[in-house]
Amino acid sequence: MGFLTALARISLDMSVVTFLILWMPGMPPYTTFTEYEFPPSPSWTGNLQRNDKLNLVDRLFENQIKGPESFAIKDGFLYTGLMSGVIAKIDTEDLSIVPVARIGEECAGQHEDYKCGRPLGLAFTSTGKLLVCDAVLGLYLLDLDRKDENEGRITSYKHFDRVSYERLISPETVVDGAPNTLLNSVVIAKDNRTVYLTVSSTRFPLRDSLFELLSDPSGRVLKFDLETRKLEVLVEELNFANGIELSPEEDYLLVLETGRPRIHKYHLKGEKAGKVEILTDRLPGLPDNIKLNDRGNYYVGLSGSRLPNTWHILEVLAPHNIFRKFVSRLVSMVLVPAKFVNQI
């Protein structure tokens, strides 16, 4: 009887705790949870058949740099943002890497991203200025070749403070009733003024981005004019909007939605202008980034794989909104002490 009594007491306590976590008002994360259908994984046949092509590539700077995300090309050099908040210039000929800018300040690690920022999407304008989508600090325009007024010459890349930094969009900037909390990717049109960018979440900062994947979608696509500074929303309700790319003729955008996972096609010209459609939702992984190559095709980077005839964790959780709410609230409670310590 003692065992049964103890078991009943434990079950009762767990039920009470579960009820409080699920239904107590005012508990973070402050969002909603709705059932949805996660698309099944595709069969790995035809073009998706297993191959070893990626085993034949050259691995550059392995275990030397941390967190290179997107990249941009200028004068034959690669530029990428690192987890430390530094933007680096890479010479693929002599395999050298040089830090060229930092929007935030130096920090101890990823847990202090509110200090150092996290540069993700990069794109150069036709005049050589660098657009940077920082997931923490916002959208910036950098002039890496700013001339020193006193010396009248190009300054050294070693001096981050001599780089010109102009913030174009703050994460707190409210558009259509919501801030742009977590900016992600960026692309600029050939007119050198029209910028398209993705917002992964309007509710959660980078350190809490897991909650965006578990909750109802709040991501979107923005259009920004560099001359007028006009900002408008093109697409809404995307679950962690991620990579973005223009078509060669700039008549449509391709937008990656990591949390579902799928690729959207947003029409910019023609009879369908202003309309969005799902290009595909049968991807063998979660889409992260996208780049147009010189043959008019697209490289799509996938974070993780979705094996045929297996269940992905998001696929399991999709129809169980109550369970996703419970997990999100529980994780949020566990993270409270860690966030408090980080702020000290």
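Predicted model: local features only at pLDDT ≥ 70, side-chain atom pairs only at ≥ 80, totals over all residues.
**Aromatic pairs**
I searched the whole structure and found two aromatic pairs. In one of them, the ring centres of tyrosine 79 and phenylalanine 124 lie 5.0 Å apart with the planes at 75°, so I noted the pair as edge-to-face. Tyrosine 79 sits in strand E2 (residues 77–81) and phenylalanine 124 in strand E5 (residues 119–124), so this pair links distant parts of the chain, 45 residues apart. I checked burial too: tyrosine 79 has 2% relative accessibility and counts as buried, and phenylalanine 124, at 14%, counts as buried as well. Phenylalanine 204 and phenylalanine 211 make a tilted pair, with 5.7 Å centre to centre and 55° between the planes.

**Nonpolar cores**
Next I went to the largest nonpolar core, which has 19 residues. Leu131, Leu139, Val186 and Phe224 are among those with the most contacts inside it. Strands E6 (130–134), E7 (138–143) and E11 (182–188) are among the elements that give two or more residues to this core. I then listed what valine 186 touches beyond four places in sequence, and the list includes Leu131, Cys133, Leu139, Val195 and Ile244. I also found a second, separate core of 16 residues, including Ile87, Leu122, Leu137 and Tyr140.

**Surface**
Last, I looked at the outside. Trp311, Ile313 and Val316 make a nonpolar surface patch of about 360 Å². Tryptophan 311 lies in the loop between strand E20 (298–303) and helix H4 (313–317). Its relative accessible area is 68%, so I put tryptophan 311 down as exposed.

Terms used:
Residues numbered from 1 in each chain as written. Heavy atoms only, no water. Patch = residues over 30% accessible without salt bridge, like charges linked within 9 Å, V, L, I, M, F, W, Y side chains within 5 Å. Areas by Shrake-Rupley, 256 points an atom, 1.4 Å probe, with all protein chains shown as cover. Salt bridge = Lys/Arg side-chain N within 4 Å of Asp/Glu carboxyl O. Helix = DSSP H or I, 4+ residues; strand = E, 2+ residues; numbered from the N terminus. Buried < 20%, exposed > 50% of the residue type's maximum accessible area, 1.4 Å probe, protein only. Core = buried A, V, L, I, M, F, W, Y, C linked by side-chain atoms within 4.5 Å. Contact = heavy atoms within 4.5 Å. Phe/Tyr/Trp six-rings, centres within 6.5 Å; stacked < 30°, edge-to-face > 60°.
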